[in-house]
Amino acid sequence: MDNGLTNAQWFLLVGGLLLVRGLTSSMIRRLPVTAAIIYLAVGLIVGPTVLNLFHFNPLKESALLEVLTEAAVLISLYAAGVKMPVPVSLARWRAPILLAFASMAVTVGLVAAFGHYALGLPPGAAVLLGAILAPTDPVLATDVQTRHPGDRDRLRFTLTCEAGMNDGSAFPFVMLGLGLLGLHELGDFGLRWALVDVVWATVAGLAIGVACGVTMAHVVARLRRAGAAHGLLDDFLGLGLIGIVYGLSVMANAWGFLAVFFAAVALRQTERKLAGAAPDKADRLQTADGAAHAAPVHDVPTLSEGSLIFKEHLERLSELLLILLIGGTLFVDSWSWRAVGMALFLFLVARPVSVMIGLVGTRTPWRIRGLAGWFGVRGIGSLYYLMYAIQHGLPKDVALELIHMTLIVVTLSVIFHGTSVKPLMERFWPEGRSAAIGPHRRGAG
């Protein structure tokens with residue numbers, strides 16, 4: 001990091017932001033913009049765009065940024081997973097599954113085609129850029145995410161569930177792009193890529209996540225029945241589950257992001273079954289945004305609920321730090337027409353088209369299709385894939401081009417989606433009163 005700030009000044013800057021965020025939480029919730037825009041503005045002001053007090057160089061600091069973004073995404077995936085409604089059913093999950101796999105693949109193809117034919121990127125770099133930008137983000141999409149375990153808003157569920165899955169489903173395309181650049185073995189006719197990076201890594205990730213989540217739920221339930229209810233640290237157990245699942249997945253060459261999300265889903269689903277709670281009754285708790293919710297329908301403590309608030313606070317902290325650093329990467333001349341053109345193509349063409357294609361044949365209401373087509377937030381996940389590629393030997397010229405594109409896309413996503421999410425949700429989706437999720441409602445799917 002080209003740092004003009006001393007350690008003391010960094011403590012003052014970050015500490016001041018945390019204080020302001022904590023003291024103005026209720027006021028920020030009433031503003032028509034998201035908190036990420038405030039962090040971005042501060043980063044732009046203290047960074048090279050305005051005051052030039054520091055400059056964060058993502059190419060030089062790619063190893064550090066990979067770790068930071070990896071941790072942020074993992075925590076966010078866990079928080080998203082434990083907020084999934086009980087029980088899991090194909091009727092509820094069909095739309096987000098199609099968005100996370102079919103629509104994401106279409107987005108990769110469209111972005112790759114635009115990057116190659118309109119911007120002149122080599123085929124490997126274009127596919128890699130598509131894989132980096134295609135998945136939606138579980139970290140920055142707070143205002144369109146499921147708010148708590150009892151939230152039955154169908155649009156929020158669809159977007160949260162999609163973001164939870166497509167962080168894993170994007171990885172095969174990342175490896176395909178690296179393979180086309182000569183940095184990963186694809187095998188004859190791509191056979192190794194199809195069998196190992198697509199089939200094995202996906203199936204193994206799902207299996208590891210579900211197995212670990214179910215096992216953890218049973219172990220914790222047994223300990224609590226034995227009288228250890230007050231001796232368990234839910235926060236540590238939740239972080240431990242993330243670490244174990246992700247570590248096992250990496251060792252098994254499986255997609256760890258997918259595994260962590262489904263470990264959290266399996267944990268909550270199993271805990272609710274063991275507790276004997278009625279699946280149609282939504283239990284709620286107070287989440288990190290400070291919103292109050294209905295009391296639980298049962299008195300049995302669960303690991304998923306006990307660890308959620310702590311994970312959401314970590315998620316907020318990582319959002320502040322990483323968005324601040326993004327602001328500190330940009331110069332005035334970073335805003336090229338190539339990068340802005342890519343962002344506009346992604347937001348206005350690739351995302352809406354991919355959503356419409358992915359949901360063809362479903363009975364998903366058109367309002368959900370339209371809003372989902374706009375709220376494809378890009379953010380911390382894209383930065384992680386980019387840093388992952390750089391750490392796997394991406395040539396410097398290609399790395400600089402993709403850094404440029406990705407940073408502008410993420411920045412414009414923070415601005416465009418951050419300024420439109422609250423007005424659009426209030427105008428077209430007032431708390432989802434007309435479309436609560438459920439397998440028995442007309443249009444479910």
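Is Val414 buried or exposed, and what is its relative accessible area? Val414 is buried, at 5% (buried means under 20% relative accessible area, exposed over 50% and partly exposed in between, with a 1.4 Å probe and protein chains only). Val414 sits in helix H16, residues 396-428 (helices, H or I of at least four residues, and strands, E of at least two, are DSSP runs numbered from the N terminus). Its C-alpha atom is 7.6 Å from that of Val377, 37 residues away along the chain.

The model is a predicted one, where local features need pLDDT of at least 70 and side-chain atom pairs pLDDT 80 or more, while totals for chains, interfaces and linings use all residues. Residues are numbered from 1 along each chain as its sequence is written, and side-chain values use heavy atoms, leaving out hydrogens and water.

Turning to the helix pair, H1 (residues 7-23) packs on H3 (residues 35-46) at about 155°, the axes lying 12 Å apart. That makes the two roughly antiparallel (angles over 145 degrees count as such). On the H1 side, Leu13, Leu17 and Arg21 make the contact, and on the H3 side Ala35, Tyr39, Val42 and Val46 do (contact means heavy atoms within 4.5 Å).

Then there's Asn52, in the loop between H3 and strand E2 (54-55). Asn52 is partly exposed, with a relative accessible area of 48%. Leaving aside residues up to four places away in sequence, Asn52 touches Ile45, Val46 and Gly47. Asn52 and Phe331 are 279 residues apart in sequence, yet 9.0 Å apart in space, C-alpha to C-alpha.

Definitions and conventions:
Axes fitted to C-alpha atoms, helices over the stretch in contact; angles between N-to-C directions. Parallel < 35°, antiparallel > 145°, perpendicular 65-115°, else oblique.
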